[in-house]
Amino acid sequence: IGIGNPIKRPEFTLCLFLYEVKPVDWSILMTGRSVRKGTPVSLKYMLSVNSESDGESQGIEEQRILGKAIQILGAYPVIKPPNKFLEETDMEVGIIHDNLILDDKNKIWGSLGQIYTSVFYEVGPIIINDDVKGSDASRVVSV
């Protein structure tokens, strides 16, 4: 999005929180196609903006950043999964706005202990290849 000085820690951080991995029914996906190996799942994310600054303009800036992210996801609603851990398929992976009811949002926010200015998306189907073994990796703590 291009916000923040690369030398200093940014005031605003765009956060992506995976809150649910949901199995997808193969029969719906594979109508008229050959059966593939792997487990199809749908990933549900909360997209929010965190801010370290205080002030009247904080809410406005958070909404602008979130609005830009929504525009980008609207312009590019389809992705192809990487093939290291995910099986190559001819299926497209969609990014769909998930219009949750307030009770569902409250459950997610409640688990995080705070209400965030946020939007929710579902990404899928992703086919996780059951035969591929992952390698050890260190935890990512900053980018």
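## Confidence of the model

pLDDT is the predictor's confidence in each residue, on a scale from 0 to 100. The structure is a predicted model, in which local features need a pLDDT of at least 70 and side-chain atom pairs count only at pLDDT 80 or more, while totals for chains, interfaces and linings use all residues. Residues are numbered from 1 along each chain as its sequence is written, and side-chain values use heavy atoms, with hydrogens and water left out.

The protein chain has an average pLDDT of 76, and 67% of the residues score at least 70. Helices (H or I, at least four residues) and strands (E, at least two) are DSSP runs, numbered from the N terminus. Confidence in the protein chain is lowest in helix H1 (residues 26-29), with a mean of 62, and highest in helix H3 (residues 102-112), at 91. Over residues 1-7 the pLDDT stays under 50, and the model has seven contacts (heavy atoms within 4.5 Å) for them beyond four places in sequence. Residues 83-87 also have a pLDDT below 50, with 17 contacts in the model beyond near neighbours in sequence. Where pLDDT is low, the predicted coordinates should not be read in detail.

## Overall architecture

Three helices and five strands make up the secondary structure of the protein chain. Along the sequence, their pattern is β-α-β-α-β-β-α-β. Of the contacts in the protein chain with a separation of 6 or more, 72% are accounted for by residues 24 or more positions apart.

Accessibility is classed by relative accessible area: buried means under 20%, exposed over 50%, and partly exposed in between (1.4 Å probe, protein chains only). Buried residues amount to 30% of the 143 residues in the protein chain.

## Strand S5 and its partners

Strand S5 (residues 118-128) is mostly covered, with ten of its eleven residues buried. Two strands pair if DSSP finds at least two bridges between them. Strand S2 (residues 39-51) runs antiparallel to S5 and is joined to S5 by nine bridges; here Val41 has Ile126 of S5 as its bridge partner. Strand S4 (residues 93-97) is likewise antiparallel to S5, through four bridges, and Ile95 is bridged to Val123 in S5.

## Helix H2

Helix H2 (residues 58-75) has 18 residues and reaches 26 Å from its first C-alpha to its last, close to the expected 26 Å. The expected span is 1.5 Å times one less than the number of residues.

The buried residues of H2 are Glu62, Ile65, Leu66 and Ala69. They lie on the same side of H2, because they cover an arc of only 95 degrees around the axis, taken from the directions from the helix axis to the C-beta atoms. Their cover includes strand S1 (12-23), S2 and S5. On the other side of H2, Gln63, Arg64, Gln71, Gly74 and Ala75 are exposed.

The structure holds two aromatic pairs. Rings of Phe, Tyr and Trp (its six-membered ring) pair if their centres lie within 6.5 Å; planes under 30 degrees apart count as stacked, over 60 as edge-to-face and the rest as tilted. Tyr19 and Phe120 form an edge-to-face pair, at 6.0 Å centre to centre and 85 degrees between the planes. Tyr19 lies in strand S1 and Phe120 in strand S5, so this pair ties together parts that are 101 residues apart in sequence. Tyr19 counts as partly exposed at 22% relative accessibility, whereas Phe120 counts as buried at 1%.

The rings of Trp109 and Phe120 form a tilted pair, because their centres are 6.4 Å apart and their planes are at 50 degrees. Trp109 lies in helix H3 and Phe120 in strand S5, so the pair ties together parts that are eleven residues apart in sequence. Both Trp109 and Phe120 are buried.
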